[in-house]
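Dear colleague,

Please find below the structure that I am handing over to you, followed by an account of what was found in it. I would be grateful if you read the two side by side.

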Amino acid sequence: MSEGERELWLRVSGSEDELRSLRNWLRHEDGLRGRVRAFQSPLAPGEMGGALDALAVAVGSGGMGAVLANCLSTWIGQRRSDMRITVSTRDGRTVEVDAKGVDPQALARDIERMLNSDEAEGNPQ
């Protein structure tokens, strides 16, 4: 992550396949390419691989929150299952989105507000 960027953490309720799908979706967005990392749960004894737990997305100023929100809204709109997505910052602020009836503009405002409050408080994350 470069200076001036922050990480937003994304978690999806439901199956791990949904989080993998979201990861692939975000990685194909030009504005987010190279900014998405997957995090796996620690391995338990005897396991071959940990479960995918969350995605970290490095975002900066200049509308990156809106790019992320639009990508999330489009991806959610193509899902058939009932799910929730949680977007959070390192300090614990969260925005939860229900897959039913997501409002892209409201989501973009919420994400930008999370990012801007970090800058106002002097938290570089």
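Leaving aside its neighbours within four places in sequence, which residues is S88 in contact with? Before the reply, some conventions are needed. This is a predicted model, in which local features need pLDDT of at least 70 and side-chain atom pairs count only at pLDDT 80 or more, while totals for chains, interfaces and linings use all residues. Residues are numbered from 1 along each chain as its sequence is written, and side-chain values use heavy atoms, with hydrogens and water left out.

Beyond those neighbours, S88 is in contact (heavy atoms within 4.5 Å) with E7, L8, W9, R11, R93, T94 and M114. S88 itself lies in strand 4, residues 84–88. Its relative accessible area is 9%, so S88 is buried; buried means under 20% relative accessible area, exposed over 50% and partly exposed in between, with a 1.4 Å probe and protein chains only.

The overall architecture

The protein chain contains three helices and five strands. Helices (H or I, at least four residues) and strands (E, at least two) are DSSP runs numbered from the N terminus. Along the sequence, their pattern is β-α-β-β-α-β-β-α. Of the 125 residues in the protein chain, 37% are buried. Among contacts between residues at least 6 apart in sequence, 65% join residues at least 24 apart.

Three further positions

T94, a contact of S88, belongs to strand 5, residues 94–98. T94 counts as partly exposed, because its relative accessibility is 46%. Apart from neighbours within four places in sequence, T94 is in contact with T86, V87, S88 and M114. The C-alpha atoms of T94 and W9 are separated by 9.1 Å, although these residues are 85 apart along the chain.

V57 is in strand 3, residues 52–59, and counts as buried because its relative accessibility is 0%. Its C-alpha atom is separated by 6.4 Å from that of W9, 48 residues away along the chain. With neighbours within four places left aside, V57 is in contact with R6, E7, L8, L10, L26, L32, R35, V36 and L68.

G101 is placed in the loop between strand 5 and helix 3 (104–121). With 72% relative accessibility, G101 counts as exposed. From C-alpha to C-alpha, G101 and G77 are 8.4 Å apart in space and 24 residues apart in sequence.

Helix 2 (residues 64–77) has 14 residues and reaches 20 Å from its first C-alpha to its last, close to the 20 Å expected at 1.5 Å a residue; the expected span is 1.5 Å times one less than the number of residues. Its buried residues are M64, G65, L68, A69, C71, L72, S73, W75 and I76.

The axes of helix 1 (residues 16–27) and helix 2 come within 10 Å and cross at roughly 130°. That angle makes helix 1 oblique to helix 2. Here axes are lines fitted to C-alpha atoms, for helices over the stretch in contact, with angles from 0 to 180 degrees between N-to-C directions; angles under 35 degrees count as roughly parallel, over 145 as roughly antiparallel, 65 to 115 as roughly perpendicular and the rest as oblique.

In the pairing of these helices, E18, S21, L22, W25 and L26 in helix 1 meet L68, C71, L72, T74 and W75 in helix 2.

Yours sincerely
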